[in-house]
Amino acid sequence: KWLDGHMAAISIAAGTYEERVVLEGFQGGILDLGVYGKSVTVRGVQVTASSLVRINVNITRSASLSGTPLNVRLGSCVQFGVDITIDGASGGTSGIVVESGSNLSALVDIFGYMTKTTVNNCNYYAIYATGGSKVALGEIAGSGNSTGLQVADGAVVSYSSRTMTATTTNVTVSGGRIYSGAQTS
């Protein structure tokens, strides 16, 4: 799915959709998922081996859908263009998993305001990064999570501000690093 330097959009009408959105192998351009200003909720998003995907939808895992609400893997690069809410729906899951050298960022919206990434009700980790991945977020918020951030295997998570609560705030293992503020190295 070579985009040849172009921008493509997957427009989704306002509403809630039971399906998991799977984006795989989009390279050489920008892929927008959702349309800014529309209220769209999907049950999960998985991005695999894709160069740049911008997500403009909310993600809520339903009790009938297994797996992580947002999974970014295999060298993918994902940006949030708007405030995002991810709800693990109290299932045995993590909210956001970024792995295998992938990148996730959500610093400012299209108007230049700091974005807010809210992750709620995850029985494992609100945000889990591993395998040299990098996560850079504006404000992170949420509640009802067992562990706020788990960072492993050389991954880095940074954020500007945090109002997220969790039973265990942070866990770092095997060279994982967490920074509060703009520092990412």
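Visitor: Which is Asp32, buried or exposed?
Guide: Residues are classed by relative accessible area: buried is under 20%, exposed is over 50%, and partly exposed lies in between, with a 1.4 Å probe and protein chains only as cover. Asp32 has a relative accessible area of 10%, so Asp32 is buried. The model is predicted, so local features need pLDDT of at least 70 and side-chain atom pairs count only at pLDDT 80 or more, while totals for chains, interfaces and linings use all residues. Residues are numbered from 1 along each chain as its sequence is written, and side-chain values use heavy atoms, with hydrogens and water left out.

Visitor: Where does Asp32 sit, and what does Asp32 touch?
Guide: Asp32 belongs to strand 3, residues 30-33. Strands (E, at least two residues) and helices (H or I, at least four) are DSSP runs numbered from the N terminus. A contact means heavy atoms within 4.5 Å. Not counting residues up to four places away in sequence, Asp32 touches Met7, Ala8, Ala9, Ile10, Arg54 and Asn56. Of these, Met7 is 25 residues from Asp32 along the chain, with 7.5 Å between the two C-alpha atoms.

Visitor: Which side chain makes a polar contact with that of Asp32?
Guide: A polar contact is a pair of N or O atoms within 3.5 Å; within protein, one must be able to donate a hydrogen and the other to accept it, and residues adjacent in sequence count only if both atoms are side-chain atoms. The side chain of Asp32 is joined to that of Arg54 by such a contact, at 2.7 Å.

Visitor: How is a nonpolar core read, and how many residues has the largest one?
Guide: In soluble globular proteins, nonpolar side chains tend to be buried together. A core is a set of buried Ala, Val, Leu, Ile, Met, Phe, Trp, Tyr and Cys residues joined through side-chain atoms within 4.5 Å. Here the largest core has 40 residues, and Val45, Ile55, Leu70 and Ile127 have the most contacts inside it. Strand 4 (residues 40-48) gives the most to this core, with 4 residues.

Visitor: What is Ile127 in contact with?
Guide: Leaving aside neighbours within four places in sequence, the partners of Ile127 include Ile96, Val119, Leu137, Ile140 and Met164. Ile96 is in strand 10 (residues 96-98) and is buried, because its relative accessibility is 0%. Ile96 in turn touches Leu70, Ile86, Leu104 and Tyr128, among others.

Visitor: How many aromatic pairs are there, and what is their geometry?
Guide: A pair of aromatic rings is described by the distance of the centres and the angle of the planes. Rings of Phe, Tyr and Trp (its six-membered ring) pair if their centres lie within 6.5 Å; planes under 30 degrees apart count as stacked, over 60 as edge-to-face and the rest as tilted. The structure holds 1 pair. Tyr125 and Tyr128 are stacked, at 5.2 Å centre to centre and 20° between the planes. Tyr125 counts as partly exposed because its relative accessibility is 24%. The backbone nitrogen of Tyr125 lies 3.4 Å from a polar atom of the side chain of Ser94. Ser94 sits in the loop between strand 9 (84-87) and strand 10, and is buried at 7%.

Visitor: Which residues other than glycine have a positive phi?
Guide: Most residues other than glycine have a negative phi, and most peptide bonds are trans. Among those with a positive phi are Asp4, near 50°, and Leu74, near 55°. Asp4 lies in the segment before strand 1 (7-10) and is exposed at 51%. Leu74 is in the loop between strand 7 (70-73) and strand 8 (77-80), and is partly exposed at 46%.

Visitor: What do the totals for the protein say?
Guide: The protein has 0 helices and 18 strands. The radius of gyration is taken over C-alpha atoms, and the globule rule is 2.2 Å times the number of residues to the power 0.38. For 185 residues a compact globule would be near 16 Å, and the protein agrees, with 15 Å. Buried residues make up 48% of the 185. Among contacts between residues at least 6 apart in sequence, 54% join residues at least 24 apart.
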